[in-house]
Amino acid sequence: MNIKWDAEKYTSDYSFIPQYGNDVIELIDTGDVSSVLDLGCGNGSLTKALHDKGFSVKGIDASGELLDIARKNHPDIEFIQADATDFVLPEPVDAVFSNAVFHWIDKEKQSSMLECVYRALKINGQFVFEFGGYGNNRLIHLQLEKVFSEYGYQYKMPFYFPTIGEYSVLLEQAGFEVKYAILFDRPTKLVGENGLKDWIHMFVKTPFSDVDDSVREAMIDKAVEKLQDDLYKDGTWYSDYVRIRMKAVKRC
Ligand code: BEZ
């Protein structure tokens with residue numbers, strides 16, 4: 001997850017990402033929960049929402065840029081810079097929460113991440129999360145794949161979007177009991193006249209690593225033009241998001 005974020009733009013134009021995460025917080029059964037880890041906390045807005053619910057919270061993120069914003073905005077919360085696939089907490093927590101993070105982690109590294117989460121939880125601890133599920137941004141990635149091929153490149157999908165079945169297996173292999181799972185469409189409005197172009201620039205970086213800047217711009221323009229019929233409605237661009245939302249419990 002070594003992404004260099006434009007942290008200011010992420011915070012201003014993509015605020016819907018943490019906003020939707022509030023529904024995921026509601027999955028935490030608050031009964032005996034006092035300590036919560038926000039895994040992949042980004043700019044800390046959901047860590048703050050967890051804090052405001054009365055939990056004792058910590059946030060972990062790999063991005064120094066996003067943690068700078070988190071620490072500045074929420075100086076009373078502890079934020080730790082660490083990789084989600086390789087972290088250890090000094091004390092186990094009652095719940096681990098994560099929103100819009102796990103699709104950034106390669107399929108091969110998901111088990112390491114789940115092992116870290118398992119170790120970070122107390123027995124009967126809750127693990128609630130949402131991220132991009134199977135079919136997420138299907139139209140966008142199919143179109144990018146086409147344009148890459150037309151320009152003589154191969155599109156390497158940079159994200160992991162599993163089915164419920166596939167992810168349940170990983171969770172069970174890590175020792176979790178799956179309690180709840182849903183996969184659902186969430187078409188989402190993007191900000192501005194260049195909403196989709198900006199979204200591609202912001203989030204789809206690694207496939208373009210071998211492409212010259214001017215060629216990259218032509219490729220993105222072409223993909224955006226082709227996606228207009230499907231993703232531009234009444235003057236607004238949409239992202240064809242699909243979410244996987246799950247809850248699992250650590251058993252001994
Ligand atoms: C998502 O939230 O589903 C997502 C965001 C950026 C890139 C890929 C997926």
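Reader: What is H141 in contact with, leaving aside its neighbours within four places in sequence?

Author: H141 touches N136, Y155, M157, F159 and F161, where contact means heavy atoms within 4.5 Å. Keep in mind that this is a predicted model: local features need pLDDT of at least 70, side-chain atom pairs count only at pLDDT 80 or more, and totals for chains, interfaces and linings use all residues. Residues are numbered from 1 along each chain as its sequence is written, and side-chain values use heavy atoms, with hydrogens and water left out.

Reader: Why does H141 count as buried?

Author: Buried means under 20% relative accessible area (exposed is over 50%, partly exposed in between; 1.4 Å probe, protein chains only). H141 has 5% relative accessibility, so it counts as buried. You'll find H141 in helix α6, residues 138-150.

Reader: How do you know that the buried residues of α8 line one face of the helix?

Author: They are G195, L196, W199, I200, M202 and F203. Looking down the axis of α8, these fall within an arc of 165°, so they line one face. That arc uses the directions from the helix axis to the C-beta atoms.

Reader: What surrounds the ligand?

Author: The shell is H103, W104, G132, N136, N137, F159, W199, F203, Y241 and R243, near meaning a heavy atom within 4 Å.

Technical notes
Helices (H or I, at least four residues) and strands (E, at least two) are DSSP runs, numbered from the N terminus.
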